[in-house]
Amino acid sequence: MNAFAIQTESLTKRYPNGRGCSDVTITVREGEAFGFLGPNGAGKSTCVKMLVGLIFPTEGRASLFGQEAGTVEARRLIGYLPELYRYQEWLTGDEVVRLHAKLAGLGREEANRRVPELLERVGIGLRSRDRVKGYSKGMQQRLGLACALVADPRILFLDEPSSAMDPIGRSEVRQLLHELKGQGKTIFLNSHLMEDVEALCDRVALLNNGRILQQGRVEDVLLQRPLWRLRIGGYAPPLLDWLRAETGIAVRESEAAADGSAVLEAELADEEQAGWLHSLLIGQGATLYESARVRTKLEEWFVTELSGKSHRGEKA
Ligand SMILES: Nc1ncnc2c1ncn2[C@@H]1O[C@H](COP(=O)(O)OP(=O)(O)OP(=O)(O)O)[C@@H](O)[C@H]1O
């Protein structure tokens with residue numbers, strides 16, 4: 001089957017209050033980790049709920065490996081950790097995961113093997129016989145991860161999977177997600193933790209006011225700013241004035257040391273222009289130690305893309 005793991009076409013949900021999301025078109029390939037980003041109220045959870053079949057689109061369509069989202073066939077392919085999880089307080093952690101195993105159609109033998117293994121893997125093995133009532137929020141989120149993974153799904157939808165966890169828990173979840181990706185799982189991740197998204201995801205989409213503002217490969221997004229950093233020797237400030245006058249390129253001194261070494265930052269259109277700048281510098285007697293395009297942080301990209309734009313999180 002060469003269908004995309006996830007495919008949506010103009011996916012739209014309009015709640016009676018007029019909010020929701022509009023015209024969301026994305027594709028996610030099998031084995032990819034896709035970061036679905038946006039400020040509070042952007043429409044991320046609404047889209048995920050349509051993909052997992054909890055709510056239905058007003059317009060547009062979504063499919064998982066070619067199966068229409070919401071159908072039994074599509075649901076069989078997925079594991080889902082919702083943003084607002086709540087498990088039966090009167091059951092033990094072990095019983096909750098077994099219940100999910102049963103609902104997913106796992107046999108007793110398979111559940112006997114898989115459930116304890118998973119509870120251990122998400123870090124609540126020692127507390128698995130305790131009732132959920134006594135679990136902290138972080139432990140309940142770990143339990144939710146075990147439930148999402150119990151049927152060994154091909155696609156994982158994770159809505160803020162470590163939002164309730166302490167830094168140790170977050171790092172454990174990060175490691176778990178990397179392992180799952182290594183096993184070929186497709187991961188659809190809603191998260192406000194940009195560092196985690198940057199480390200895990202192949203591609204991202206940025207949603208605002210229910211619409212996709214931008215999407216693309218993380219690498220491309222991080223290299224969007226046309227900024228280059230050059231470390232050179234044999235530098236003196238008049239060189240900068242000469243460069244500006246000669247080329248019209250916006251270039252500035254970022255660091256300069258008494259030994260004549262310096263770091264310059266230049267806004268360049270492309271690699272060709274970088275090559276030209278290198279040769280000019282060398283022609284002026286400078287030594288070029290290093291030159292590289294500046295990689296933005298995903299968080300910086302997120303903030304820059306949304307700056308000056310209104311978003312629903314600003315309103316009550
Ligand atoms: N059941 C609902 N009925 C009416 N409006 C809703 C409903 N669920 C969400 N909304 C509204 O739809 C918009 C999108 O909400 P959604 O929960 O999808 O955003 P989100 O991007 O997941 O936000 P967050 O990052 O805060 O979780 C918001 O304006 C929200 O208030």
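**Reading a predicted fold**

Student: How far apart are the end C-alpha atoms of H5, and what span should its 13 residues have?

Tutor: At 1.5 Å a residue, H5 should span 18 Å, and its end C-alpha atoms are 19 Å apart, so the two values agree. The expected span of a helix is 1.5 Å times one less than its number of residues. Helices here are DSSP runs of H or I with at least four residues, strands are runs of E with at least two, and both are numbered from the N terminus. Residues are numbered from 1 along each chain as its sequence is written. This is a predicted model: local features need pLDDT of at least 70, side-chain atom pairs count only at pLDDT 80 or more, and totals for chains, interfaces and linings use all residues.

Student: Is H5 mostly covered or mostly open, and how many of its residues are buried?

Tutor: First the general idea. A residue is buried if 20 or more other C-beta atoms lie within 10 Å of its own, exposed if 12 or fewer, and partly exposed in between, with C-beta atoms placed from the backbone. By that rule H5 is mostly covered, with ten of its 13 residues buried. Among them are Met139, Gln141, Arg142 and Ala146.

Student: Which elements do the buried residues of H5 pack against?

Tutor: They pack against strand E7 (78–81), H3, helix H4 (108–121) and E8. Packing is read from contacts: two residues are in contact if their C-beta atoms, placed from the backbone, lie within 7 Å. Take Ala146 as a case. Leaving aside neighbours within four places in sequence, Ala146 is in contact with Val97, Leu118, Leu119 and Val122.

Student: What is a nonpolar core, and how many residues does the largest one have?

Tutor: A nonpolar core is a set of buried Ala, Val, Leu, Ile, Met, Phe, Trp, Tyr and Cys residues joined through C-beta atoms within 7 Å. The largest one here has 66 residues, and those with the most contacts inside it include Leu51, Ala146, Phe157 and Leu189. Helix H5 (residues 137–149) gives the most to this core, with seven residues. There is also a second, separate core of 13 residues, including Leu230, Leu239, Ala262 and Ala286.

Student: Which domains does the protein have?

Tutor: Domain bounds come from an automatic or database domain assignment. For this protein the assignment gives domain 1 (6–222) and domain 2 (227–293). Their C-alpha centres lie 46 Å apart.

Student: Which residues come nearest to the ligand?

Tutor: A residue is near a molecule or strand if its C-beta atom, placed from the backbone, lies within 6 Å of it. Of the 14 residues around the ligand, Tyr15, Asn40, Lys44, Ser45 and Thr46 come nearest. Helix H1 (residues 44–52) gives the most to this shell, with three residues.

Student: How do the residues of that shell divide into nonpolar, polar and charged?

Tutor: Ala, Val, Leu, Ile, Met, Phe, Trp, Tyr, Cys and Pro count as nonpolar, Asp, Glu, Lys and Arg as charged, and the others, Gly among them, as polar. The shell has two nonpolar, eight polar and four charged residues.

Student: How many of the nine residues of H1 are buried, and what follows the helix?

Tutor: Eight of the nine are buried, so H1 is mostly covered by the cut-off above. Lys44, Thr46 and Leu51 are among the buried ones. After H1 comes Gly53, whose phi is positive, near 85°.

Student: Which residues other than glycine have a positive phi?

Tutor: Most residues other than glycine have a negative phi, and most peptide bonds are trans. Here Phe65 has a positive phi near 45°, and Glu160 has one of about 50°. Phe65 lies in the loop between strand E5 (59–64) and strand E6 (67–68), and counts as buried because it has 20 C-beta neighbours inside 10 Å. Glu160 sits in the loop between strand E8 (155–159) and helix H6 (167–182). With 19 other C-beta atoms within 10 Å, Glu160 is partly exposed.

Student: Where is Ala274, and what is it in contact with?

Tutor: Ala274 is found in helix H10. Leaving aside neighbours within four places in sequence, Ala274 is in contact with Trp228, Leu268 and Ser291. Ala274 and Trp228 are 46 residues apart along the chain, yet their C-alpha atoms are separated by 7.9 Å. With 18 other C-beta atoms within 10 Å, Ala274 is partly exposed.
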